[in-house]
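Reader: I would like to learn how to read a few backbone and surface features in a model, taking them one at a time. Could we look at it together?

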Amino acid sequence: SLSVGTKTGYRLFSVTAVDKLDCIHEGVECPDVYIVERLFSSSLVVVVSLSMPRRMNVYHFKKGTEICNYSYSNNILSVRLNRQRLVVCLEESIYIHNIKDMKLLKTLLNTPVNPSGLCALSVNHSNSYLAYPGSATIGEITVYDANNLSTLTLIQAHDSPLAALTFNASGTKLASASEKGTVIRVFSIPEGQRLFEFRRGMKSADAQFLCASSNTETVHIFKLEQHSPSQDEESPTWSAYVGKMFTAASTYLPAQVSDMMHQDRAFATVRLNMFGLKNICALATIQKLPRLLVASSDGYLYIYNVDPQDGGECVLVQKHRLFDFSEEVEQSEEDKPAEDVSPQPASQSYAATVALPSTPPSSTTLMGYSEDGGAQKGEVIPEHEFAEGPVCLDDENEFPPVGNQSN
């Protein structure tokens with residue numbers, strides 16, 4: 001699914017066919033939405049507005065009800081969630097909630113300054129790994145176990161500060177890029193061993209391919225494979241491609257990889273008809289074929305075909321407009337919050353954009369978290385469905401296999 005934040009609220013789209021884009025919900029509870037995160041294909045959606053950038057609202061959008069809300073000590077920069085955990089990232093702290101009842105489980109205070117709210121949470125809830133910058137000056141990654149609430153490892157990934165982080169669907173690999181932007185590295189998780197290194201342009205990873213967008217007009221798709229004597233003996237079959245890329249089966253590289261791949265050339269590329277616009281890309285299977293989705297901050301979704309065997313230049317098959325001509329879109333995203341939240345000049349930083357004066361506290365405004373990690377909860381609907389038992393909004397078919405998600 002695709003979520004879009006706008007000046008008037010937010011929209012959720014279902015992307016199940018190339019030539020059809022279904023708007024399944026339009027939320028108008030609050031304006032100027034700059035973060036909108038949906039829990040896979042369930043009815044739970046987390047929304048943060050520029051009008052109240054310290055407050056997170058959790059909605060059951062199909063019922064049109066608010067499940068709860070929380071206010072924090074500073075502006076919310078990003079939100080990540082899977083079936084076990086909801087993670088809220090501020091500039092110098094991270095809050096980890098239990099998604100079943102929204103209880104605050106852990107507060108990571110005094111984390112390295114993280115003005116863009118960079119963090120990644122694995123979608124595989126059995127190993128809810130959280131990755132965030134371990135330093136503000138070099139590209140160190142902290143990998144944290146959000147289920148067991150303990151630090152797993154520190155990865156010395158880059159010389160310059162981190163700019164992008166993403167897990168594959170199973171949580172067995174982590175890809176990273178630095179602010180320099182020229183090298184993408186892929187590490188085994190939880191060991192932190194370097195598996196791959198790619199040159200150029202990053203955003204979504206899966207078991208066999210990694211697609212990367214940057215501030216240029218080119219999107220790169222890299223192939224995660226090892227050099228071996230037998231690599232040319234057999235071309236990859238279609239079933240093997242689908243199996244490796246879109247399921248959470250055990251088709252991943254072993255933890256100990258002796259032959260590390262260094263590749264300068266992208267397997268496949270896309271030339272966008274734009275330059276300098278914020279865009280986010282993801283790989284997905286739509287109508288049983290592999291597609292590259294690119295959501296751009298100008299309010300369009302582009303769908304390209306990907307040749308899993310020969311790669312090359314990807315072909316544009318559809319372009320969808322995500323809003324009416326009378327509207328302005330502030331953000332487009334593939335299940336991830338965008339970092340540019342308003343039509344500011346390219347030089348305007350995310351921190352400067354979001355650090356707008358928030359509404360002064362009133363008698364009805366919720367108290368935020370205290371610096372010692374204590375919290376006061378927002379109002380919760382009595383007997384709401386998170387009170388006990390497994391997360392289940394409406395029914396089980398709300399949760400297709402994780403491998404089919406475009407995360």
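Reader: Is Lys-288 buried or exposed, and what is its relative accessible area?

Author: The general idea is that a residue counts as buried under 20% relative accessible area, as exposed over 50%, and as partly exposed in between, with a 1.4 Å probe and protein chains only. Lys-288 has a relative accessible area of 71%, and is therefore exposed. Please keep in mind that this is a predicted model, in which local features need pLDDT of at least 70 and side-chain atom pairs count only at pLDDT 80 or more, while totals for chains, interfaces and linings use all residues. Residues are numbered from 1 along each chain as its sequence is written, and side-chain values use heavy atoms, with hydrogens and water left out.

Reader: Where is Lys-288 found, and what is its phi?

Author: Strands are DSSP runs of E with at least two residues, helices are runs of H or I with at least four, and both are numbered from the N terminus. Lys-288 is found in the loop between β25 (279–286) and β26 (289–296), and its phi is positive, about 70°, although the residue is not a glycine.

Reader: Which loop holds Met-102, and is Met-102 buried or exposed?

Author: Met-102 lies in the loop between β10 (93–98) and β11 (104–109), where its phi is near 65°, again a positive value in a residue other than glycine. With a relative accessible area of 1%, Met-102 is buried. For the protein chain as a whole, 56% of the 407 residues count as buried.

Reader: Which residues does a cis peptide bond join?

Author: The bond joins Ile-189 and Pro-190, with omega about 10°, and Pro-190 lies in the loop between β18 (183–188) and β19 (194–199).

Reader: How many bridges join β5 to β6?

Author: Five bridges join β5 (residues 44–49) to β6 (residues 52–60), and these strands run antiparallel; within this pairing, Ser-49 has Met-52 in β6 as its bridge partner.

Key. Two strands pair if DSSP finds at least two bridges between them.
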